[in-house]
Amino acid sequence: MVNLEGIFPPIATPFTDDELDVAALQANVARYMRTGLAGLLVLGSNGEAPLLDDEEAFRAAAAAREHVPANRTLIVGAGEESTKRTIGAVKRAAQAGADAVLVRTPAYFKAQLNTEVFVRHYTEVADASPVPVLPYNVPSLTGVMLPAEVVARLAEHPNIPGVKDSSADLTQVADLVATTPPSFRVLVGSAPTLYASVCVGASGAIVAAACVIPELVVELFQLARAGRHDEALALQRRITPLARLVTSRHGVPGLKAAMDAAGYAGGLPRRPLLPPPPGALEAIRTQLAALGVEAH
């Protein structure tokens with residue numbers, strides 16, 4: 001059974017001259033695998049997945065697989081707008097070595113995306129997928145909310161062992177935990193609510209902050225799971241300012257700048273995204289220093 005407990009960074013995709021930089025990606029992965037991370041996600045939102053073509057996506061996933069050992073979990077993003085294209089994407093991800101796939105909600109035809117559409121879409125994808133499927137709820141990017149009652153129905157499928165919820169809504173997270181079987185894994189995508197999410201039953205997280213300060217995010221998760229609440233809350237308060245800078249404030253460009261500052265290969269985002277604005281790097285360096293991370 002695929003392990004979906006712990007912290008997984010949604011790794012960035014490095015580019016050189018706007019082309020996929022496989023060597024830089026693999027160097028990052030090798031370094032991540034020397035930490036206590038449970039695995040990683042390639043081709044997620046922070047991996048700029050919508051900006052890669054199918055061939056690049058396959059190369060990125062396969063390159064990551066080479067440096068993710070068998071005892072860690074490689075999750076690969078594989079969501080598309082149609083069920084047919086999503087099935088093709090999950091099969092390519094499996095061929096590239098994915099242990100599980102992360103499938104975002106379709107979003108283009110929002111008015112028609114009701115409960116039955118979601119249930120049918122994910123059921124057909126899970127039926128066809130060679131590896132476990134994790135539905136991905138990310139309303140800040142898609143404008144679509146995947147309701148807990150839909151996930152509860154999907155949790156009955158043997159090839160849907162968990163979900164990633166990036167709503168940052170603790171009521172939603174608690175409902176997901178309460179309405180799915182104990183074996184079902186709820187992963188959250190919001191570092192500022194990680195401690196609280198673990199307290200209501202989340203089994204782990206796929207959060208951008210783990211791309212920059214993986215050891216500290218793992219420590220926060222472990223403290224929360226151990227019930228060491230005072231220490232966990234104190235660490236949560238320290239991590240949150242940086243987490244907000246590399247997500248809601250500056251997005252992927254900010255994440256990549258923070259990775260560069262922390263000694264990883266971040267680089268520039270792929271066009272049309274622009275580098276972070278003046279002042280962003282200074283703010284990021286200030287938060288890294290506050291966390292005891294020497295900026296490069």
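**Helix packing and core**

Reply: Helix 9 and helix 10 are roughly antiparallel (an angle over 145 degrees) to each other. This is a predicted model in which local features need pLDDT of at least 70, side-chain atom pairs count only at pLDDT 80 or more, and totals for chains, interfaces and linings use all residues. Residues are numbered from 1 along each chain as its sequence is written, and side-chain values use heavy atoms, with hydrogens and water left out.

Me: At what angle do helix 9 and helix 10 pack?

Reply: Helix 9 covers residues 214-225 and helix 10 covers residues 229-249. Their axes lie 8 Å apart, and helix 9 passes helix 10 in a left-handed crossing. The packing angle is about 150°.

Me: Which residues of helix 12 meet helix 10?

Reply: Helix 12 (residues 280-290) packs against helix 10 with the axes 9 Å apart. From helix 10, the contact (heavy atoms within 4.5 Å) uses Arg 238, Pro 241, Leu 242 and Leu 245. The residues on the helix 12 side are Ala 283, Ile 284, Gln 287, Leu 288 and Ala 290.

Me: How many residues are in the largest nonpolar core?

Reply: A nonpolar core is a set of buried (under 20% relative accessible area, 1.4 Å probe, protein chains only) Ala, Val, Leu, Ile, Met, Phe, Trp, Tyr and Cys residues joined through side-chain atoms within 4.5 Å. Val 212 is among the members that touch the most others, and its contacts include Leu 242 and Leu 288. The number of residues in the largest nonpolar core is 90.

Terms used:
Buried means under 20% relative accessible area, exposed over 50%, partly exposed in between (1.4 Å probe, protein chains only). Axes are lines fitted to C-alpha atoms, for helices over the stretch in contact, and angles run from 0 to 180 degrees between N-to-C directions. Helices (H or I, at least four residues) and strands (E, at least two) are DSSP runs, numbered from the N terminus. Angles under 35 degrees count as roughly parallel, over 145 as roughly antiparallel, 65 to 115 as roughly perpendicular and the rest as oblique. A crossing is left-handed if the near helix is turned anticlockwise from the far one by less than a right angle, and right-handed if clockwise. Lists of a residue's contacts leave out its neighbours within four places in sequence.
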